[in-house]
Amino acid sequence: MNVHLGIIDYGAGNLHSVRNTFSAAGGHARFITTPADMDGLTHLVLPGVGSFGNCAAQLRRQRLEESIRAWIARDRPFLGICIGYQILFEEGDESPGTPGLGILRGRVRRFEPGGLKVPHMGWNSVSPTKPNAPLWRGLDETPWFYFVHSFYPEPADRGIIAAACTYGETFAAAIQRGNLVATQFHPEKSQDAGVQFLENFLMLEGR
């Protein structure tokens, strides 16, 4: 694979863990902190640990917001993980009044209080909506991934949901729109299934 992978560094996130897991999947990455760093890349990743508001503010501070928009508009391979998934939407319950990137329509909601612990933390199976799609190549029919989150996106366009997960309620565990992929689960914490998922992402061909 002739892949040139960039991982966005906005001051938070499991950067080294993500890079190491991509290395296991066959993709060697460099960290991205400015728009100029994106030159020559074929694949771009926005990992996430932290809050919706802080992520949005830092991306704008580093002048990366428009570069991410332009990248996705060209349908180039992009992977958002956890907060990097949530920030693609218009707004979120975690940071009221702070807009997300608005690349996808919808809202990021908090789990409703109930009998289950929040945050949702640990292993859960997901159900791909199109199990024969290349994104799920080499994975079980209902693969298991690792989650750590209190919020989840609710896409306005249900057609982009690539996999669902049930934790008290059923939510969009992953989306795909062309070469735009995003997951609420952490592939970098998901052992063999995570490595296979990242390998499948690296097989996407951009423009």
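Biologist: How many salt bridges are there?

Modeller: The count comes to seven salt bridges, a salt bridge being a side-chain nitrogen of Lys or Arg within 4 Å of a carboxyl oxygen of Asp or Glu. This is a predicted model, in which local features need pLDDT of at least 70 and side-chain atom pairs count only at pLDDT 80 or more, while totals for chains, interfaces and linings use all residues. Residues are numbered from 1 along each chain as its sequence is written, and side-chain values use heavy atoms, with hydrogens and water left out.

Biologist: Which residues are linked in a network of salt bridges?

Modeller: The network joins Arg60, Glu65, Glu66 and Arg69. Within it, the side chains of Glu65 and Arg60 meet with N to O at 2.9 Å.

Biologist: What does Arg107 pair with?

Modeller: Arg107 forms a salt bridge with Glu91, at 2.9 Å from N to O. This pair links distant parts of the chain, 16 residues apart: Arg107 is in strand S6 (residues 106-110) and Glu91 in strand S5 (residues 91-92). Helices (H or I, at least four residues) and strands (E, at least two) are DSSP runs, numbered from the N terminus.

Biologist: And which residue forms a salt bridge with Arg109?

Modeller: That is Glu154, with the closest N and O atoms 2.7 Å apart. Here too the pair links distant parts of the chain, since Glu154 lies in strand S10 (residues 151-155) and Arg109 in strand S6, 45 residues apart. Glu154 is partly exposed, at a relative accessible area of 32%.

Biologist: Changing topic, what is the strand order in the open sheet?

Modeller: The eight strands run S2-S1-S3-S4-S13-S12-S11-S8, with mixed pairing. Strand S2 (29-32) and strand S8 (127-128) are the edge strands, each pairing on one side only. Two strands pair if DSSP finds at least two bridges between them.

Biologist: In which sense do S4 and S13 pair?

Modeller: Strand S4 (residues 78-81) and strand S13 (residues 180-183) pair in the parallel sense, over four bridges. Leu79 stands opposite Val181 in S13.

Conventions: Buried means under 20% relative accessible area, exposed over 50%, partly exposed in between (1.4 Å probe, protein chains only).
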